[in-house]
Amino acid sequence: MRGICFKEQLFDLTVKGRKTVTRRMADRYKVGETLYLKEPYFVNTDGSVDYKFDNKVKHEKWKNKLFMPEKYARYFIKIKDKRKENLCDISYIECLREGIREYSVIIVESGKKRRTSELVFENPTTGLWYQSPYKAFAALIDEINGKGTWESNPVVTRYEFELLK
């Protein structure tokens, strides 16, 4: 079985069922394939395992998630669907499925009794808010794959998955 890596915040959203889609530059996985989620870990002398993403225990030297073997995995996902598409063809709903969060905020103008509300969209890895889900996703994808990724609009593989319980 193969593993898959996510940034810590995206890992957390996946485990909570809020992230159900990922776009990757390479076509690596097959529909129906089960993958384990890789995360930094530490094997204690008694054989028990601590996980960095739990933030409960501090260790000086966590094992790199890239090299995490399946036997230490806690979470698994199954690929339900995949397709190729241009990165910028992502839809509003797909941005949310990627982990972008939508908020309705109330704005009170200083010195006035006027209140308005508007939608803002949060990049889950930075906590920064944007005026559209596309801008939030663009910032996220540039953070993951390097500045200019969104602008270059590459063909990516979109994977839809489900968390196995």
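Is Asn153 buried, partly exposed or exposed, and at what relative accessibility? The first view below takes this up. The model is predicted, so to speak plainly: local features need pLDDT of at least 70, side-chain atom pairs count only at pLDDT 80 or more, and totals for chains, interfaces and linings use all residues. Residues are numbered from 1 along each chain as its sequence is written, and side-chain values use heavy atoms, without hydrogens and water.**View 1. Asn153 sits in the loop between α4 (149–152) and β10 (155–164).** Asn153 counts as partly exposed because its relative accessibility is 25%; buried means under 20% relative accessible area, exposed over 50%, and partly exposed in between (1.4 Å probe, protein chains only). Its phi is positive, near 50 degrees, though Asn153 is not a glycine. Most residues other than glycine have a negative phi. Helices (H or I, at least four residues) and strands (E, at least two) are DSSP runs, numbered from the N terminus.

**View 2. Helix α1 (residues 8–15) has Leu10, Phe11, Leu13 and Thr14 buried.** These residues lie on the same side of α1 because they cover an arc of only 165 degrees around the axis, taken from the directions from the helix axis to the C-beta atoms. Their cover includes β3 (34–38), β6 (76–86), α3 (133–145) and β10. Gly17, with a positive phi near 80 degrees, follows α1.

**View 3. In the largest nonpolar core, of 25 residues, Ile4, Phe6, Ile100, Phe137 and Trp150 touch the most other members.** Such a core is a set of buried Ala, Val, Leu, Ile, Met, Phe, Trp, Tyr and Cys residues joined through side-chain atoms within 4.5 Å. Helix α3 gives the most to this core, with five residues.

**View 4. Trp150 has contacts beyond its neighbours within four places in sequence.** Among its partners are Leu87, Tyr134, Phe137 and Ile141, where contact means heavy atoms within 4.5 Å.
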